[in-house]
Amino acid sequence: MSGIDIHKGNNGLHTVMVIDDDELLREVMAETLQEDGYTVVVASNGQEALDVFKHSPVDLILCDVMMPVMNGYDFCENLRQLPNGRNMPVIIMTGQDDIEAIEKAFDCGATDFISKPVNWPVIGHRIQYTLRASQAIKEATLNAKLLSEAQRIAKLGNWSWDTDTKEMLVSAATYHIFRVPRTSPCVFYQMLLKSIHPDDRAAFDLAVEQAQRDCPSDIEFTATLPNGTARDIHMHAERIPDGTTTQLFGTFQDITERKNAEAEIRQLAYYDAITGLPNRTLFKEHLQQALQQAQRNGTRIAVMFLDLDNFKRINDSLGHKAGDQLLAEISSRLQQCIRGTDVATKDIQGSSDSLARLGGDEFTLMLTDIKDLHHVSTVAERVLKSLSEPIMLVGNRVVVTSSIGVSIYPDDGNEIDSLLKHADAAMYQVKYKGRNGVFFYDDELRQQSQNRLQLESELYKALKNDEMTLFYQPKINANTLKVEGFEALIRWIHPEKGMVSPADFIPVAEDSGLIIPMGKWVIKTACQQLQAWRQAGAEPITMAVNLSCHQFSDHQLLEAVEQIINETGVESELLEFEITESVLMQDAETAMRVLNEMKQMGMKLSVDDFGTGYSSMAYLKHFPLDVLKIDRSFVMDIPQDKQDITITTAIISLAKALELNVVAEGVETTEQLEFLRSCECDQIQGFLFSPPVPSEKAGPMIYKPFSV
Ligand SMILES: Nc1nc2c(ncn2[C@@H]2O[C@H](COP(=O)(O)O[C@H]3[C@@H](O)[C@H](n4cnc5c(=O)[nH]c(N)nc54)O[C@@H]3COP(=O)(O)O)[C@@H](O)[C@H]2O)c(=O)[nH]1
């Protein structure tokens, strides 16, 4: 017979290949199998069968042994070499029902055998059973392969272990995780034990013991691989269901990448990138733990709040890179300072004392277990001395001093926030007294902070109860002495205390956030007043309103101003904002953006208290400004003070060069006026003409020039 002879069965689900040199037997067999529903392909010897097999899909082979050209044994051996022949079920038909022939058939790769003469009624069932078994093997093989791949992808391997015999059977992925070659179960166990980091060994033994007691356990340990690298491994262990207490099973998973990512996230979340020190969040965790411990042990804690005195100036003049370098140097000096007698640790575990960078140029130190406050002073003095040593920054010798405020638990507070707040208040006391020093939070500050709290709550009520009013101080043309504008200044008419100075409550409003609604009220009231004067026939005059730091950085400010302008109908070019030099220079880039937006809306912009901060001329040149206001402190001692004369003259010249109007504030005497006039100062504001007054008194000033 030549070519492929196919006999189609009626269901055609499975194809059986019949290989026999006896043509009659072949035909009978084909017919019988066809009747059972199989499609049949026939071949007359092994060689022909191999050729047929290569071209037509077959599910099972029935093969005679003794055949010309190629016998059944050789066919089996050759078939197993083909990729799709490796797992093909082959039933050998042997006439010799002896063990030797059967063994030889199995040796050559046969799946099963049947004896000749063939039992025809049974053969269909035999084939069906073999096909079913083959299908099950195929599925199991595929599942095992997919599982193995899944384990590889998940870096997860499984194991089973008899803790008595010390035999540990593991999956391919487990070998891969530990980077060891396939080996015997006993050897693998030894390798595993050897790889576990000594610090993790006790936890590993405990996890095994726990699993033996039928409590599933999970641990993470570090394994050192044969190539010396360390990997983080997670192990889950359980007792084999219905097994003995020594029979365990579980998984190993390589979690190194996850652990690394977690460490990176932790670093970003808890540490400062410039200095590597703990940040505010971690410091608070440290402090919280230390507070709990101090509460239990009845000990004291010192919280030091440290602020560098001249950082901003250095940052602005030498650049941010140098600023970062400076912070890193400060951080390492601080670490050395507390290492003298105290241990500075960077992490929570085992931490006692701690150092952190809160942001900007602010650092905090926590000293625990304080027996004597003298010790805190010693550390603080050491810090001051160390930080004031010169630092070389991009070729410049820089000297930085610092101000330190200290609060003590439990004396000055029981909670994180109050301790930090009080240390901060003490630090401000140092700044106030001239910087470069240490101050401990004390009764006076406590009283001040209580007063502040009281003021804050009264301020809330004041806003609600309409206790605020505006006074107006005229700005007068230095030559004509005509009123060209007013500055609106808030006043608080307290029901019991009478008039409270804005100098006392504006800082509290700033800290509490109340400045935002209060500031809006001021802008609106000032605009309403200006519009009322304009509608009553006044010439165009300006109305200046002070913007505090918080107001200036409030994202909703411009929206609110636009609404006020629309509601009151005031001409936007008559509204002037006075912003202090220090607020503008705090974040010059942002200031530039906000000022430009204000300018686009038509408002006038004025730099208040000019000369008291330190302006970057580069920014000043580009800010869209209209007015420079010379601070009162320079005008006060004119004409006696030579330096003030020099400064005032210089500011006026600068304003002229920048094509800005210049206003002198705090003018109280005719000598001051004469001097300012001689320098061509444009406008005068001060008690010489009028203090801030209520609107009823301010209004008539518009129509009648002043005289001196
Ligand atoms: N953000 C806001 N700040 C405001 C507002 N209203 C006032 N303030 C700020 O409070 C500080 C104190 O203000 P005040 O007590 O009103 O003092 C002003 C003038 O009364 C005072 N002044 C004016 N001329 C003279 C003078 O000849 N002699 C003298 N001794 N004092 C004088 O100067 C203050 C105005 O300063 P300035 O704003 O720099 O022009 C003060 O910082 C106010 O800015 C507010 O609504 N919002």
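Is valine 170 buried or exposed? Select valine 170 to begin: with 23 C-beta neighbours inside 10 Å, valine 170 counts as buried (a residue is buried if 20 or more other C-beta atoms lie within 10 Å of its own, exposed if 12 or fewer, and partly exposed in between, with C-beta atoms placed from the backbone). This is a predicted model, in which local features need pLDDT of at least 70 and side-chain atom pairs count only at pLDDT 80 or more, while totals for chains, interfaces and linings use all residues. Residues are numbered from 1 along each chain as its sequence is written.

Valine 170 belongs to strand 8 (residues 167–170); strands (E, at least two residues) and helices (H or I, at least four) are DSSP runs, numbered from the N terminus. Leaving aside residues up to four places away in sequence, valine 170 touches Gly157, Trp159, Tyr175 and Phe188, where contact means that the two C-beta atoms, placed from the backbone, lie within 7 Å.

Next, select aspartate 64, which is found in strand 4 (residues 60–64). UniProt, in an unreviewed entry, places the feature "modified residue: 4-aspartylphosphate" at Asp64; UniProt positions are given in the numbering used here, feature names are shortened, and annotations may be inferred rather than shown by experiment. Aspartate 64 is buried, with 25 other C-beta atoms within 10 Å, and, not counting residues up to four places away in sequence, aspartate 64 touches Ile19, Asp20, Asp21, Gly72 and Met93.

Move on to glutamate 238 in strand 10 (residues 230–239). Glutamate 238 counts as partly exposed, because 18 C-beta neighbours lie inside 10 Å. Its contacts, again not counting residues up to four places away in sequence, are Ala211, Pro216, Leu248, Phe249 and Gly250.

Helix 13 (residues 373–387) comes next: its 15 residues reach 21 Å from first C-alpha to last, close to the 21 Å expected at 1.5 Å a residue (the expected span is 1.5 Å times one less than the number of residues). Colour Val376, Val379, Ala380, Val383 and Leu387, which are buried in helix 13. They cover an arc of only 95° around the axis, which puts them on the same side of helix 13; the arc is that of the directions from the helix axis to the C-beta atoms. On the face turned away from this buried side, look for the exposed residues His374 and Lys385.

Then select helix 24 (residues 642–657), where Thr648, Ile651 and Ala655 are the buried residues. Seen down the axis of helix 24, these fall within an arc of 60°, so they line one face of the helix. What covers them includes strand 25, strand 26 (627–630), helix 23 (632–635) and strand 27 (661–665), whereas the face turned away carries the exposed residues Lys642, Gln643, Thr646 and Ala657. Just after helix 24, glutamate 659 takes a positive phi of about 60°.

Finish at the ligand, which has 23 residues around it, with Leu489, Pro502, Asn546, Gly686 and Phe687 coming nearest (a residue is near a molecule if its C-beta atom, placed from the backbone, lies within 6 Å of it). Strand 21 (483–494), helix 16 (502–512) and strand 25 (604–610) are the elements that give two or more residues to this shell.
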